[in-house]
Amino acid sequence: LFLIDGVPQSNPLRDGQRDGHTIDMSMVERVEVIHGASAIHGLGTTGGIINFITRRPSQDSLKQSLNVQMTTPTGEFGDETSGYRTDYNLSGSKNYFEYTLGLSYERQGVFLDADGTEIGVDNVQGDIMNSKSYDLFTKLGYWINDDQHIEASLNRYQVKGGNDYISVDGDIEKGIPTTSVRGTPVGDAPYNRVLTTSLKYQNYDLAGMEFTAQAYRQEFEALYGALASSSFEDPVLAPDSIDQTQIESVKKGAKFTFVKDGLLEDRLKVTTGLDLIEDSSLQNLAMTNRNYVPEVVYKNYAPFLQLQLQPIDAVVLHAGVRYEHSELDVDDFTTVYGKGSVDVKGGNPDFSETLFNGGIVVSPLSWMSVFANYFRRVWYAGCGACLTRCECRWPECG
């Protein structure tokens, strides 16, 4: 699971593998990585958590920084292969207020391999090679008193391909790699557009606990490159079966967390709370303006409890439990021609599950950590791709 300041970037309904590109790294102060399962977060965190922590406001009255950068392959200087970026950051504080503002722009050129040959561009999934991106980030904070803090943030990010190169397939048996040549791919350039807003309240001493309440909203839009697929066929709109898919998702959520540490002579830490999320997603065929997957609304609430115990300095034990309850809301709809123009009746299925995890981290040496983790994960396999019939091979599907 990718997070930015605790806000999940993954889309639970239409996972387009784009959740790693929703912010420019110049806005990030540090990255937290948690190995293994945790009950504190949902949306696939059984494998671990990557949390991008954005820049905090400076304690100075005013602080500014400007970075201008150019990169180019050795001996291959040129406009097509060179990359350019600039980013500006302003932050400071006055009385009880604090603020930060970040702006960035980046143009990435064509990537070359060790032999100076253009590597293959991914025209369907999208590529950061031959792309332009920009980011606008702002954060405002206010200290109510020494123990209470409120913070609002906004991030507007976009990355878009240049659509100036097409890939040339290689040959594995002959050892020929995939390359790129100058050309204009069919359709519009793939892109990511993301707008994320967040409001957070923290009380560092609420009955001896640290309390955090956070609400967020994210608008996510991703366009993919043109692809020939039998499911895109339409005798009038797409007789050549070529189209571009586009995912649109609006995610709203809130989280309430209580943390109590210092127990058992400062060896036990307890974290508990409630996680709420609502995701509304759909998928279109952009070239012909067809609705490929109807709007589906996903609602979830999940109370959780996570314990961390350090019996000795070199050993950390953790265990957690999370109760998940989810509901789906799908209206009646008709599939596209390539899927048979089938009338499908909607519905409101729901499902619940209690998930457990446990683990241990051992640090026998100051520079070494070894961890083991156990978790229980439940797969709900179904026909999410077309919502008319199941073509997967999971035995759980029935």
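Predicted model: local features only at pLDDT ≥ 70, side-chain atom pairs only at ≥ 80, totals over all residues.
S3 and S4 run antiparallel and are joined by 7 bridges. Within this pairing, Arg 30 has Ile 53 in S4 as its bridge partner. In general, strands of a sheet pair through backbone hydrogen bonds, in a parallel or an antiparallel sense.

Strand S6 (residues 83-94) pairs with strand S7 (residues 97-108) in the antiparallel sense, over 11 bridges. Thr 86 has its bridge partner, Tyr 105, in S7. The hairpin of S6 and S7 has 2 residues between the strands, and Asn 95 takes a positive phi near 55° there.

S7 is also joined to strand S8 (residues 131-143), by 12 bridges, and these two strands run antiparallel. One of the residues involved is Ser 104, whose bridge partner in S8 is Asp 135.

## Aromatic pairs

A pair of aromatic rings is described by the distance of the centres and the angle of the planes. With a limit of 6.5 Å between ring centres, the model has 7 aromatic pairs. Among them is the pair of Phe 2 and Phe 52, with 6.2 Å centre to centre and 10° between the planes, which is stacked. Phe 2 belongs to strand S1 (residues 2-4) and Phe 52 to strand S4 (residues 48-54), so this contact ties together parts that are 50 residues apart in sequence. Phe 2 is partly exposed, at 24% relative accessibility, whereas Phe 52 is buried, with a relative accessible area of 12%.

Another pair is formed by Phe 211 and Phe 258; the rings are 4.8 Å apart centre to centre with 35° between the planes, and the pair is tilted. Phe 211 sits in strand S13 (residues 209-223) and Phe 258 in strand S16 (residues 245-262), so the pair links distant parts of the chain, 47 residues apart. Because the limit for buried is under 20% relative accessible area, Phe 211 is buried at 14%, while Phe 258 is partly exposed at 28%. Elsewhere, Tyr 96, Phe 97 and Tyr 142 form one aromatic cluster.

## Charges over rings

Two arginine side chains are placed over tyrosine rings. Arg 18 lies over the face of Tyr 224, 4.1 Å from the ring centre. Arg 193 has its charged end over the ring of Tyr 191, at 4.1 Å from the centre of that ring.

## The second largest pocket

The second largest pocket holds about 1600 Å³ of space. Its lining is made up of 50 residues, and those nearest the pocket centre are Glu 32, Ile 34, His 41, Asn 51 and Lys 269. Sorted by class, the lining has 20 nonpolar, 18 polar and 12 charged residues.

Technical notes
Residues numbered from 1 in each chain as written. Heavy atoms only, no water. Phe/Tyr/Trp six-rings, centres within 6.5 Å; stacked < 30°, edge-to-face > 60°. Helix = DSSP H or I, 4+ residues; strand = E, 2+ residues; numbered from the N terminus. Buried < 20%, exposed > 50% of the residue type's maximum accessible area, 1.4 Å probe, protein only. Lys NZ or Arg CZ within 6 Å of the ring centre and 35° of its normal. 1 Å grid on protein atoms, 1.4 Å probe; cavity = no way out; pocket = protein on both sides within 12 Å on 5 of 7 lines; lining within 4 Å. Points joined across faces, edges and corners; volume = space filled by probe spheres on them. Nonpolar A, V, L, I, M, F, W, Y, C, P; charged D, E, K, R; others polar. Pairing = 2+ DSSP bridges.
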